Amino acid sequence: AGRRLEWLPVRDLPPHVRIVISTLPDDGSKESKFQCLSLLHRRLHEVAPMNFIGVQPCFADGEAVLEHLMSKKGRTLTAVQKKAIMDGFNLAGTPLWLTIAAQWAQSWKSF
């Protein structure tokens, strides 16, 4: 039931309530247990199709965002560290991934 998202309340919510959900894209196999995005899309479209907003990867400004997140904490990265994070971001491409990676990098020790 968990992966079918039956636990998720999408009907009869008060008008002021919003739910933000993050999930990976489906893995492409119709037989897979991991089809959360398509299940979520179907369930939300049954209730109110205009409420489903997909977020696309944001490859364009990743490096600028990373530098901004690091500077907010007074931290910088070496070229090797920045490349490692940006290589991962170029695969994942989501703001959430970049934010978590920056938070992780902010805890790295300086030498």
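Mentor: Helices here are DSSP runs of H or I with at least four residues, strands are runs of E with at least two, and both are numbered from the N terminus. This is a predicted model, in which local features need pLDDT of at least 70 and side-chain atom pairs count only at pLDDT 80 or more, while totals for chains, interfaces and linings use all residues. Residues are numbered from 1 along each chain as its sequence is written, and side-chain values use heavy atoms, with hydrogens and water left out.

Trainee: Which element of the protein chain has the highest mean pLDDT?

Mentor: The pLDDT is the predictor's confidence in each residue, from 0 to 100. The protein chain averages 81, and 83% of the residues score at least 70. Among the elements, helix α1 (residues 36–47) has the lowest mean, 78, and the highest, 92, belongs to α2.

Trainee: What share of the 111 residues counts as buried?

Mentor: Buried means under 20% relative accessible area, exposed means over 50%, and partly exposed lies in between (1.4 Å probe, protein chains only). For the 111 residues of the protein chain, the buried share is 22%.

Trainee: How do the residues of the contact of α2 with α3 divide into nonpolar, polar and charged?

Mentor: Contact means heavy atoms within 4.5 Å. Gly62, Glu63, Leu66 and Glu67 of α2 meet Lys82, Ile85, Met86 and Phe89 of α3. Ala, Val, Leu, Ile, Met, Phe, Trp, Tyr, Cys and Pro count as nonpolar, Asp, Glu, Lys and Arg as charged, and the others, Gly among them, as polar. The division is four nonpolar, one polar and three charged.

Trainee: And is α3 roughly antiparallel or perpendicular to α4?

Mentor: Helix α3 packs against α4 (residues 95–106) at about 160°, with the axes 10 Å apart. This angle makes the pair roughly antiparallel.

Trainee: How many residues of the contact of α3 with α4 are nonpolar?

Mentor: From α3 come Ile85, Gly88, Phe89 and Ala92, which meet Trp97, Leu98, Ala101 and Ala105 of α4. One is polar and none is charged, and the nonpolar ones number seven.

Trainee: Is Trp97 buried, exposed or partly exposed?

Mentor: Trp97 sits in helix α4. Not counting residues up to four places away in sequence, Trp97 touches Ile85, Gly88, Phe89 and Ala92. With a relative accessible area of 31%, Trp97 is partly exposed.

Trainee: What about Gln106, buried or exposed?

Mentor: Gln106 is also part of a helix, α4. Leaving aside neighbours within four places in sequence, Gln106 is in contact with Leu69, Met70, Lys73 and Arg75. At 16% relative accessibility, Gln106 counts as buried.

Trainee: Last one: how far apart in space are Asn90 and Gly62?

Mentor: Asn90 lies in α3 and is partly exposed, at 41% relative accessible area. Asn90 and Gly62 are 28 residues apart in sequence, and their C-alpha to C-alpha distance is 8.3 Å.

Notes: Axes fitted to C-alpha atoms, helices over the stretch in contact; angles between N-to-C directions. Parallel < 35°, antiparallel > 145°, perpendicular 65-115°, else oblique.
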